[in-house]
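Open the model in your viewer and keep the sequence panel beside it. We will go stop by stop, selecting as we go.

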Amino acid sequence: MEQSEEENLQKQIDEIEALSSIYEDEWCVIDEAARIFCIRVVDELEHPKWTICLQVILPPEYPSSAPPVYQLNASWLRGQERTDLSNSLEEIYLQNLGECILFLWVGKIRDFLLLKSQSADAVPEIRKTTEEAEVNDQDDYLIVCQPPQQVAVDVDFPESSE
(Lines give C-alpha, C1' and ligand atoms only; values in the text may rest on other atoms or scores of the structure.)
Protein backbone atom coordinates (compact mmCIF):
# COMPACT_ATOMS: atom_id res chain seq x y z
CA MET A 1 0.00 0.00 0.00
CA GLU A 2 1.40 3.40 -0.93
CA GLN A 3 2.17 5.92 1.76
CA SER A 4 -0.55 8.27 0.46
CA GLU A 5 -3.17 5.48 0.55
CA GLU A 6 -2.16 4.72 4.15
CA GLU A 7 -2.48 8.42 5.00
CA ASN A 8 -5.86 8.56 3.23
CA LEU A 9 -7.10 5.54 5.14
CA GLN A 10 -6.02 7.06 8.46
CA LYS A 11 -7.72 10.36 7.60
CA GLN A 12 -10.89 8.47 6.62
CA ILE A 13 -10.84 6.52 9.90
CA ASP A 14 -10.42 9.75 11.88
CA GLU A 15 -13.18 11.49 9.92
CA ILE A 16 -15.61 8.57 10.32
CA GLU A 17 -14.87 8.36 14.05
CA ALA A 18 -15.57 12.08 14.47
CA LEU A 19 -18.77 12.01 12.40
CA SER A 20 -20.14 8.93 14.15
CA SER A 21 -19.58 10.51 17.56
CA ILE A 22 -21.09 13.86 16.49
CA TYR A 23 -24.13 12.47 14.69
CA GLU A 24 -24.59 9.21 16.66
CA ASP A 25 -28.00 7.81 15.67
CA GLU A 26 -28.07 9.73 12.39
CA TRP A 27 -24.85 8.00 11.26
CA CYS A 28 -24.99 4.55 9.67
CA VAL A 29 -22.28 2.15 8.50
CA ILE A 30 -23.53 0.36 5.41
CA ASP A 31 -20.34 -1.56 4.56
CA GLU A 32 -17.20 -0.69 6.51
CA ALA A 33 -14.90 -2.82 4.34
CA ALA A 34 -16.16 -1.10 1.17
CA ARG A 35 -16.09 2.28 3.00
CA ILE A 36 -19.82 2.96 2.44
CA PHE A 37 -21.60 5.16 4.97
CA CYS A 38 -24.86 7.05 5.28
CA ILE A 39 -25.97 10.01 7.34
CA ARG A 40 -29.50 11.26 7.82
CA VAL A 41 -29.59 15.06 7.69
CA VAL A 42 -32.66 16.93 8.97
CA ASP A 43 -33.68 20.58 8.97
CA GLU A 44 -34.17 20.66 12.72
CA LEU A 45 -33.79 18.08 15.45
CA GLU A 46 -37.03 18.59 17.39
CA HIS A 47 -39.68 18.38 14.64
CA PRO A 48 -37.99 17.66 11.30
CA LYS A 49 -39.99 18.38 8.16
CA TRP A 50 -37.27 17.87 5.56
CA THR A 51 -34.81 14.99 5.48
CA ILE A 52 -32.05 13.93 3.11
CA CYS A 53 -29.95 10.81 3.45
CA LEU A 54 -26.41 11.37 2.21
CA GLN A 55 -24.78 8.10 1.20
CA VAL A 56 -21.04 8.19 0.56
CA ILE A 57 -18.42 5.78 -0.70
CA LEU A 58 -14.88 6.73 0.26
CA PRO A 59 -12.45 5.66 -2.46
CA PRO A 60 -8.82 4.85 -1.50
CA GLU A 61 -7.74 8.18 -3.06
CA TYR A 62 -10.00 10.23 -0.74
CA PRO A 63 -9.23 12.81 0.58
CA SER A 64 -5.84 13.48 -1.05
CA SER A 65 -6.81 13.28 -4.71
CA ALA A 66 -10.44 12.19 -5.15
CA PRO A 67 -13.82 13.24 -3.76
CA PRO A 68 -16.23 10.87 -2.05
CA VAL A 69 -18.73 9.23 -4.36
CA TYR A 70 -22.12 10.35 -3.07
CA GLN A 71 -25.84 9.95 -3.52
CA LEU A 72 -28.57 12.21 -2.15
CA ASN A 73 -31.63 10.20 -1.15
CA ALA A 74 -34.90 12.11 -0.73
CA SER A 75 -38.04 11.39 -2.75
CA TRP A 76 -38.95 15.10 -2.90
CA LEU A 77 -35.50 16.28 -4.08
CA ARG A 78 -35.70 16.66 -7.86
CA GLY A 79 -34.81 18.86 -10.78
CA GLN A 80 -33.13 22.17 -10.16
CA GLU A 81 -33.07 21.74 -6.37
CA ARG A 82 -31.11 18.48 -6.69
CA THR A 83 -28.75 20.05 -9.23
CA ASP A 84 -28.16 23.14 -7.06
CA LEU A 85 -27.42 21.08 -3.96
CA SER A 86 -25.11 18.72 -5.87
CA ASN A 87 -23.26 21.70 -7.36
CA SER A 88 -22.85 23.17 -3.87
CA LEU A 89 -21.32 19.94 -2.57
CA GLU A 90 -18.96 19.70 -5.52
CA GLU A 91 -17.95 23.34 -5.00
CA ILE A 92 -17.09 22.57 -1.37
CA TYR A 93 -14.86 19.73 -2.56
CA LEU A 94 -13.07 22.01 -5.05
CA GLN A 95 -12.53 24.70 -2.38
CA ASN A 96 -11.05 22.11 0.01
CA LEU A 97 -8.97 19.85 -2.25
CA GLY A 98 -7.03 17.27 -0.27
CA GLU A 99 -9.09 17.82 2.88
CA CYS A 100 -11.81 15.78 4.57
CA ILE A 101 -15.12 17.36 3.59
CA LEU A 102 -17.97 15.19 4.85
CA PHE A 103 -18.63 17.44 7.86
CA LEU A 104 -18.78 20.45 5.51
CA TRP A 105 -21.16 18.56 3.22
CA VAL A 106 -23.50 17.70 6.09
CA GLY A 107 -23.47 21.36 7.18
CA LYS A 108 -24.32 22.49 3.64
CA ILE A 109 -27.18 20.00 3.37
CA ARG A 110 -28.53 21.08 6.77
CA ASP A 111 -28.38 24.78 5.70
CA PHE A 112 -30.19 23.85 2.48
CA LEU A 113 -32.92 22.08 4.49
CA LEU A 114 -33.27 24.98 6.94
CA LEU A 115 -33.75 27.43 4.08
CA LYS A 116 -36.30 25.10 2.53
CA SER A 117 -38.25 24.77 5.78
CA GLN A 118 -38.40 28.57 6.07
CA SER A 119 -39.59 29.04 2.50
CA ALA A 120 -43.16 28.81 1.21
CA ASP A 121 -42.90 25.04 0.83
CA ALA A 122 -44.76 24.00 3.94
CA VAL A 123 -44.35 20.24 3.90
CA PRO A 124 -42.50 17.77 1.71
CA GLU A 125 -44.53 15.78 -0.77
CA ILE A 126 -44.84 12.32 0.66
CA ARG A 127 -45.13 9.63 -1.92
CA LYS A 128 -46.92 6.43 -1.14
CA THR A 129 -44.61 3.46 -1.23
CA THR A 130 -47.40 0.94 -1.54
CA GLU A 131 -50.45 0.84 -3.73
CA GLU A 132 -53.54 2.02 -1.93
CA ALA A 133 -57.07 2.21 -3.25
CA GLU A 134 -59.14 5.29 -2.64
CA VAL A 135 -61.82 4.63 -0.03
CA ASN A 136 -65.41 5.73 -0.46
CA ASP A 137 -66.66 6.49 3.06
CA GLN A 138 -70.33 6.50 2.02
CA ASP A 139 -70.65 2.73 2.03
CA ASP A 140 -68.84 1.53 5.11
CA TYR A 141 -69.10 -2.15 5.86
CA LEU A 142 -68.06 -4.01 8.94
CA ILE A 143 -66.25 -7.19 8.13
CA VAL A 144 -66.35 -9.65 10.97
CA CYS A 145 -63.65 -12.24 11.13
CA GLN A 146 -65.27 -15.68 11.16
CA PRO A 147 -63.56 -18.59 12.90
CA PRO A 148 -62.15 -21.11 10.45
CA GLN A 149 -64.63 -23.79 9.45
CA GLN A 150 -63.74 -27.41 9.80
CA VAL A 151 -63.82 -29.34 6.59
CA ALA A 152 -64.06 -33.12 6.49
CA VAL A 153 -61.62 -34.72 4.07
CA ASP A 154 -62.00 -38.31 2.97
CA VAL A 155 -58.63 -39.97 2.65
CA ASP A 156 -58.17 -43.67 1.95
CA PHE A 157 -55.08 -45.07 3.64
CA PRO A 158 -53.79 -48.43 2.47
CA GLU A 159 -54.34 -51.18 5.01
CA SER A 160 -51.28 -52.21 6.91
CA SER A 161 -49.92 -55.68 6.37
CA GLU A 162 -49.44 -56.50 10.04
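Begin in the loop between β3 (51-57) and β4 (69-73), and select Pro63, which lies there. This is a predicted model. The peptide bond from Tyr62 to Pro63 is cis, and its omega is near 5°. Most peptide bonds are trans.

**Zoom out: the whole chain**

Show the cartoon. The protein has 3 helices and 4 strands. Trace the chain along the sequence, and you pass them in the pattern α-β-β-β-β-α-α. How many of the residues count as buried? The share is 28% of the 162 residues.

Think about contacts too. Take those between residues at least 6 apart in sequence: 49% of them join residues at least 24 apart.

Most residues other than glycine have a negative phi. The next two stops go the other way.

Select Glu24. You will find Glu24 in the loop between α1 (3-23) and β1 (27-31). Glu24 is not a glycine, yet its phi is positive, about 40°. Is Glu24 buried or exposed? Glu24 is exposed, because its relative accessible area is 55% and the cut-off for exposed is over 50%.

Move on to Arg35. Arg35 sits in the loop between β1 and β2 (36-42). Its phi is also positive, near 60°, and Arg35 is a residue other than glycine. Check the surface here. Arg35 has a relative accessibility of 14%, so it counts as buried; the cut-off is under 20%.

**Into the core**

Hide the surface. Select Ile52, Trp105 and Ile109. These residues have the most contacts inside the largest nonpolar core, a set of 28 residues. Which elements each supply at least two residues of this core? They are α1, β2, β3, α2 (79-95) and α3 (102-118). Colour α3 next: α3 gives the most to this core, with 6 residues.

**Last stop: Ile52 and its neighbours**

Keep Ile52 selected and show side chains around it. Leave out residues up to four places away in sequence. Among the residues that Ile52 then touches are Ile39, Arg40 and Val41. Leu72, Asn73 and Ala74 are also touched by Ile52. Go on to Trp76, Leu77 and Leu85, which Ile52 touches as well. Finish with Ile109, Phe112 and Leu113, also in contact with Ile52.

Key. Residues numbered from 1 in each chain as written. Predicted model: local features only at pLDDT ≥ 70, side-chain atom pairs only at ≥ 80, totals over all residues. Heavy atoms only, no water. Buried < 20%, exposed > 50% of the residue type's maximum accessible area, 1.4 Å probe, protein only. Contact = heavy atoms within 4.5 Å. Core = buried A, V, L, I, M, F, W, Y, C linked by side-chain atoms within 4.5 Å.
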